[in-house]
Amino acid sequence: MPNFAALHRVAIAVLVAGVAAAGAAFAQTYPSRIIKIVVPFSVGGQPDTVARVFAQHLAATVGTTIIDNRPGNNTIIGSRLVAGADPDGYTLLFGTTTSLAIVSALTANAGYDPVKSFKPVAAISRSPMYLHVGPSVRANSVGELIAQAKANPGKLNFAAPTGGPPHLSGEAFRRATGIDIVPVFYRTMNQAITDLLAGQMDIVFDSPAPLAHLVREGRIRALVGLGPQRMAMLPDVPTMAESGLADLQVITWNGLVAPAETPDEVVAKINAAINEALRSPEIRETLARFSSEPLGGSPAEFSSLVAAESKKWAEIIRLAGVKID
């Protein structure tokens, strides 16, 4: 009598070997057409600029690569597009903290799962958030700010669009410090910064690059960085750890992901190109201009980063009671 269990194991092994061989063969000919990196942000911002620098490198090392900007709905439009794309390595997503770690906790209507819908390719860079105050605030250190807020509960405010890292950084800060500061929601960060400069808003959380020139001009003050070390862009601004709040770190990050089921061999090829690009002085200088430090590493390491950050941001969102329908 035939050993059906053994035959089944042999059939599975043959199938797996066939799939692996097909993937390897596909990787040898990849790419044979244009690779598209979808950026779920508008043209000209930090994510778009960084993505374009890497697209140029991929074009020179892997194959012709273009940027497709698909902004809208808190990164959902572009992310959903890639989640539904063919898993052939020709459509990639420039994923960020928002699209890969925040949106799924904010809304049940994203239309994609940041873990199940994508296969991580490579982390690119990370940048800490900074706490900035405008002329309406007299504090010159984060300790003085906390003291002022405790003496005047509910009087200080922080400005941000709903649900993004600037907003959630403020929520994490007020919970870690036990102070009562009030979120005021704006459509864009530009509007929030305009009111900060005018003294109509007190606090803004943002990465240092967009506001560093205003800090250097003395128009606003950066009181503290929420990253693990000081940044070269603002070397005199202390970290939270230096200010006695070592447990509070808020860092945004980005990287490339592909649709789930994209062949591992294709992912490995793009991953190698990204890690090579991160060794380029030109790219490291570009990242430094945006107060970002290079990451790189394996797809598995990026997957671990996304998982850990998703858990952290989901807890911040849960405690803050933030939801977007």
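Student: How far from the centre of the ring of tyrosine 90 does the charged end of arginine 33 sit?

Tutor: Heads-up: this is a predicted model, where local features need pLDDT of at least 70, side-chain atom pairs count only at pLDDT 80 or more, and totals for chains, interfaces and linings use all residues. Residues are numbered from 1 along each chain as its sequence is written, while side-chain values use heavy atoms, leaving out hydrogens and water. A charge sits over a ring if NZ of Lys or CZ of Arg is within 6 Å of the ring centre and within 35 degrees of the ring normal. For arginine 33 over tyrosine 90, the distance to the ring centre is 3.9 Å.

Student: OK, rings next. How many aromatic pairs are there?

Tutor: Rings of Phe, Tyr and Trp (its six-membered ring) pair if their centres lie within 6.5 Å; planes under 30 degrees apart are stacked, over 60 edge-to-face, and the rest tilted. By that rule, the number of aromatic pairs is 5.

Student: Why is the pair of tryptophan 253 and phenylalanine 302 put in its class, and which class is it?

Tutor: A ring pair is described by the distance of the centres and the angle of the planes. Here the centres of tryptophan 253 and phenylalanine 302 are 6.1 Å apart and the planes are at 90°, so the pair counts as edge-to-face.

Student: Which elements does that pair link?

Tutor: Helices (H or I, at least four residues) and strands (E, at least two) are DSSP runs, numbered from the N terminus. The two residues are 49 apart, in distant parts of the chain. Tryptophan 253 is in strand S10 (residues 251-259), and phenylalanine 302 is in helix H11.

Student: Are tryptophan 253 and phenylalanine 302 buried or exposed?

Tutor: Buried means under 20% relative accessible area, exposed means over 50%, and partly exposed is in between (1.4 Å probe, protein chains only). Tryptophan 253 and phenylalanine 302 are both buried.

Student: Which residues do ring pairs link into a cluster?

Tutor: There's a cluster held in the list of ring pairs, too. Its members are Phe158, Phe173 and Phe205.

Student: What is the angle between H6 and H11, and why does it count as roughly parallel, roughly perpendicular or something else?

Tutor: Axes are lines fitted to C-alpha atoms, for helices over the stretch in contact, and angles run from 0 to 180 degrees between N-to-C directions. Helix H6 (residues 165-177) and H11 pack with axes 10 Å apart, at an angle of about 70°. Under 35 degrees is roughly parallel, over 145 roughly antiparallel, 65 to 115 roughly perpendicular, and the rest oblique. That makes the H6 and H11 arrangement roughly perpendicular.

Student: Which residues of H11 make the contact with H6?

Tutor: Contact means heavy atoms within 4.5 Å. On the H6 side the contact is made by Pro165, Leu168, Glu171, Ala172 and Arg175. On the H11 side, the residues are Trp313, Ile316, Ile317, Leu319 and Ala320.

Student: Why is H4 called largely enclosed, and how many of its residues are buried?

Tutor: What covers the buried residues of H4 includes helix H3 (76-83), strand S3 (91-96), strand S4 (118-128), H6, S10 and H11. H4 is largely enclosed by the rest of the structure because its buried residues number 9 of the 10.

Student: Which residues is threonine 98 in contact with, leaving aside neighbours within four places in sequence?

Tutor: Threonine 98 lies in helix H4 (residues 97-106). Its relative accessibility is 8%, so threonine 98 counts as buried. Leaving those neighbours aside, threonine 98 is in contact with Asn74, Thr75, Val103 and Pro165.

Student: Where is asparagine 74?

Tutor: Asparagine 74 has a positive phi of about 60°, though it is not a glycine. Most residues other than glycine have a negative phi. At 30% relative accessibility, asparagine 74 counts as partly exposed. Its place is the loop between S2 and H3.

Student: What is omega for the peptide bond from tyrosine 30 to proline 31?

Tutor: Proline 31 is in the loop between helix H1 (4-29) and strand S1 (35-39). Most peptide bonds are trans. The bond from tyrosine 30 to proline 31 is cis, with omega near -5°.

Student: What separates the C-alpha atoms of leucine 196 and arginine 219?

Tutor: Leucine 196 is in helix H7 (residues 189-197). At 0% relative accessibility, leucine 196 counts as buried. Arginine 219 is 23 residues away along the chain, and the C-alpha separation is 9.6 Å.
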